[in-house]
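Hi everyone, thanks for coming. Please have a look at the sequence and the model on the screen, and then I'll walk you through a few parts.

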2 protein chains.
Amino acid sequence: MEVNIPNSSLPRVVIVGSGFGGIQLAKSLKGKAFEVVLIDKNNYHTFLPLLYQVATAGLEPDAIAEPVREIFNGQPHFHFRMAEVLQIDPQQNELNTTIGTLQYDYLVLACGSQANFYRNDELTRHALPMKTVRNALALRSRLLENSERALELSDKQQQLEQLNIIIAGGGPTGVELAGAIAELRDVVLTKDYPELPIKHMKIHLVEGNNRLLKSMGEDSSRKARQFLNQMGVTVHLNALVQSYDGTVITLSNGDMHAARTLFWTAGVEGVIIPGLSPASIGKGSRYVVNAFNQVAGYENVFAIGDNALQVFPDYPLGLPGLAPPSIQQGQWLAKNLVSLHQKQPLQPFRYADKGVMAVIGRNRAVVELPFWHTQGFIAWLLWMGVHLLLLVGFRNKASTVLNWVVNYFSYSRASRLITRFQNTPVESVTSVSGASVPL
Amino acid sequence: MEVNIPNSSLPRVVIVGSGFGGIQLAKSLKGKAFEVVLIDKNNYHTFLPLLYQVATAGLEPDAIAEPVREIFNGQPHFHFRMAEVLQIDPQQNELNTTIGTLQYDYLVLACGSQANFYRNDELTRHALPMKTVRNALALRSRLLENSERALELSDKQQQLEQLNIIIAGGGPTGVELAGAIAELRDVVLTKDYPELPIKHMKIHLVEGNNRLLKSMGEDSSRKARQFLNQMGVTVHLNALVQSYDGTVITLSNGDMHAARTLFWTAGVEGVIIPGLSPASIGKGSRYVVNAFNQVAGYENVFAIGDNALQVFPDYPLGLPGLAPPSIQQGQWLAKNLVSLHQKQPLQPFRYADKGVMAVIGRNRAVVELPFWHTQGFIAWLLWMGVHLLLLVGFRNKASTVLNWVVNYFSYSRASRLITRFQNTPVESVTSVSGASVPL
């Protein structure tokens with residue numbers, strides 16, 4: 001059965017994934033002579049940079065998710081379908097999806113990335129990833145449920161083992177999560193659970209490299225570590241997770257720590273859909289693309305964002321998995337698709353690095369702009385401003401701001417509802433799109 | 001194993017359920033010479049009168065749920081435990097819970113009500129109840145998912161069968177739900193799904209009585225029906241659901257309507273915990289209580305709210321299942337518990353009817369105050385004001401107001417995320433407390 005799209009004589013661009021790249025491409029194709037079909041298994045776009053705030057009860061899930069149909073209301077020749085893509089048939093220019101087959105003239109894979117447990121069964125079983133709204137809700141519930149469970153233990157040492165948190169991965173997600181959990185501990189848990197030894201609850205951040213935030217400069221790494229230390233986070237550098245049985249973690253440096261909770265931000269890999277030649281898939285499960293974002297071996301198949309491996313002299317391992325490269329590739333590809341269809345020469349993509357930033361907590365952030373690095377309160381203001389601006393277009397911007405302001409002045413957290421029990425299995429992340437699996 | 005509560009020499013009141021009654025009682029016991037233990041399977045209180053707004057994408061779930069620990073922060077001799085009560089042992093004055101046994105001196109059952117399918121297997125399988133946050137999210141997802149699925153059908157009649165909604169029960173919940181779904185259809189779905197025959201989507205409201213809102217006056221019933229007709233809801237009176245196989249509903253008057261979705265607000269029953277004498281349980285699965293809310297046959301076991309059957313001359317079938325009786329019983333019982341413990345005479349509960357109201361849509365509500373009935377815009381303003389006032393104490397009041405105001409002026413709905421798939425089984429409602437099962 002074929003997916004039911006109204007007839008049109010325009011060439012069809014099918015975009016898989018409603019993350020930053022897919023959304024931007026579909027927006028940039030507005031008014032161009034293409035029919036655009038966007039597919040995602042969710043009917044919403046997830047603003048991933050703020051996902052850690054959902055995980056730490058600072059924001060409601062809906063505040064960082066926007067219905068795709070809201071974004072594209074009234075855009076002509078645009079069609080959204082909520083479905084999963086199961087297989088690509090590049091010979092027939094056809095996708096096999098959960099709602100039928102779908103022909104394409106041009107295919108753009110913008111499926112994002114998923115947690116990578118490096119095929120370690122123990123980690124797959126015990127570690128909680130943070131890539132989707134559903135993941136974030138599971139983290140939030142675990143953080144709060146840990147305290148409820150600790151109340152039922154009479155031994156202080158056992159209580160602490162229930163409360164302690166280990167975060168694997170000292171990149172931006174791990175650093176932001178560690179800081180936000182430290183704030184949750186100091187601001188909310190101490191007040192909500194006066195009977196528990198919350199002050200002695202440990203937050204361990206484990207990083208394999210010799211510094212945090214290795215994609216940023218050394219000054220930012222140093223400052224981030226200093227901020228985290230001030231906030232009572234124990235940072236372990238040059239340390240990998242060796243084993244974790246759900247109760248005790250062993251690090252590669254021999255250290256052992258008792259904790260019932262391990263959050264995993266230590267690795268991601270691109271989401272691959274079966275059907276393309278194995279030669280098109282490179283390091284980190286990413287589609288190897290050329291400077292026009294064409295997948296190796298195909299003229300009409302493209303990849304953008306986290307599942308694209310595009311190498312530049314400055315980026316020998318590919319562009320970083322951030323929103324800006326995805327958005328810029330989406331914008332650029334729209335122009336190249338027009339050129340390709342008109343049989344005109346394509347323009348190679350150029351990435352404009354606008355800078356990177358990470359927030360550690362109240363008044364504490366690190367920001368690197370192309371010609372200026374700053375840390376602390378000014379950086380924190382910049383981080384707030386940029387993220388509020390980026391939320392423009394999001395329907396819930398106002399309530400996000402409101403929540404932030406209220407949290408800032410009340411030292412409270414609005415969304416501390418336990419909505420999933422600790423023993424509920426966290427579904428493994430097999431999302432086709434970068435967006436997320438259902439709650 | 002005993003539930004771990006810090007030692008105290010005070011007599012212990014155990015309250016089961018963090019609904020309106022349980023929360024109010026615990027608040028009213030502040031400063032009294034009791035140790036209070038509140039148990040609920042969720043860590044939050046649900047503001048049920050606004051649940052239909054979650055079901056129709058008007059409000060986010062967190063906006064109508066408040067963490068119990070936030071409500072009681074700093075209240076001395078108060079303990080909350082997140083657990084389910086499995087059994088009551090009235091001989092031993094003991095509860096068996098999922099976290100161990102718990103002794104009580106006084107036990108208050110404030111467990112609320114649950115959907116009643118009258119042991120009809122077909123209904124249990126196909127009808128969606130609306131008693132919990134989780135239910136409301138399932139309804140929201142179904143409403144939106146229906147449109148996504150209809151896109152994949154090529155026949156207009158099939159599309160309409162996928163889109164049509166049947167609501168069983170013309171009480172306040174059914175009426176408010178029908179009105180809100182009609183608004184969702186006219187304001188959101190028509191815009192989001194221009195390819196679908198949304199204008200012809202039918203909303204059927206089925207009521208067994210000869211009028212809607214039978215707990216209110218005839219003028220309100222008439223006006224509510226008129227409002228619903230104006231909004232394009234088909235009202236069926238004197239009609240019961242005879243059978244429903246998931247595709248076609250047959251009513252007791254012989255009418256048949258094709259619809260894939262049946263929402264169930266046609267009956268509730270009290271939540272009963274095993275262990276008390278069968279003689280203590282009356283009509284509608286409610287604990288038979290005297291004027292002091294003592295459960296029949298027990299001196300130190302009480303029931304308040306939806307799971308209490310308290311008969312008065314004006315209320316031969318018991319008080320209505322609304323927030324005000326629960327709250328008033330909670331306030332009153334706090335005083336009687338003090339008297340009982342001091343071996344002083346108890347005061348019989350007197351219910352003060354403050355009026356009832358239901359909202360049908362934008363500018364349309366019906367309100368009955370003790371000496372004044374009104375319908376339409378003024379009633380709608382009253383409804384808004386009262387519900388905003390009732391939300392006082394709710395942390396998310398500000399964002400609720402914000403959402404309402406934005407929705408009102410933009411004719412939009414913020415929260416239309418599909419977070420649960422249609423084929424996900426909706427867990428049957430077996431909540432111990434009136435609050436809700438997890439999301």
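Let me begin with a term: a salt bridge is a side-chain nitrogen of Lys or Arg within 4 Å of a carboxyl oxygen of Asp or Glu. This is a predicted model, where local features need pLDDT of at least 70 and side-chain atom pairs count only at pLDDT 80 or more, while totals for chains, interfaces and linings use all residues. Residues are numbered from 1 along each chain as its sequence is written, chains are lettered from A in the order in which they are written, and side-chain values use heavy atoms, without hydrogens or water.

Now to the domains of chain A. The assignment, which is automatic or from a database, gives domain 1 (12–115 + 269–341) and domain 2 (125–266). Their C-alpha centres lie 32 Å apart. Each domain brings 15 residues to the contact, meaning heavy atoms within 4.5 Å.

How much area is buried between domain 1 and domain 2 of chain A? About 1300 Å², with carbon and sulfur atoms giving 77%; buried area is the accessible area (1.4 Å probe) that two parts lose on being put together, summed over both. On the domain 1 side, A:Tyr52, A:Ala55 and A:Thr56 lose the most area, together 39% of what that side buries.

Over all chains, though, the count comes to 14 salt bridges. One of them joins B:Glu152 and A:Arg81, with the closest N and O atoms 3.0 Å apart. That pair crosses between chains: B:Glu152 sits in the loop between α5 (133–150) and α6 (156–163) of chain B, and A:Arg81 in strand β5 (residues 78–82) of chain A. Helices (H or I, at least four residues) and strands (E, at least two) are DSSP runs, numbered from the N terminus.

Last, confidence. pLDDT is the predictor's confidence in each residue, from 0 to 100. Chain A has a mean of 90, and 90% of its residues reach 70 or more. Over residues 421–439 of chain A, however, pLDDT stays under 50. Where pLDDT is low, the predicted coordinates should not be read in detail.
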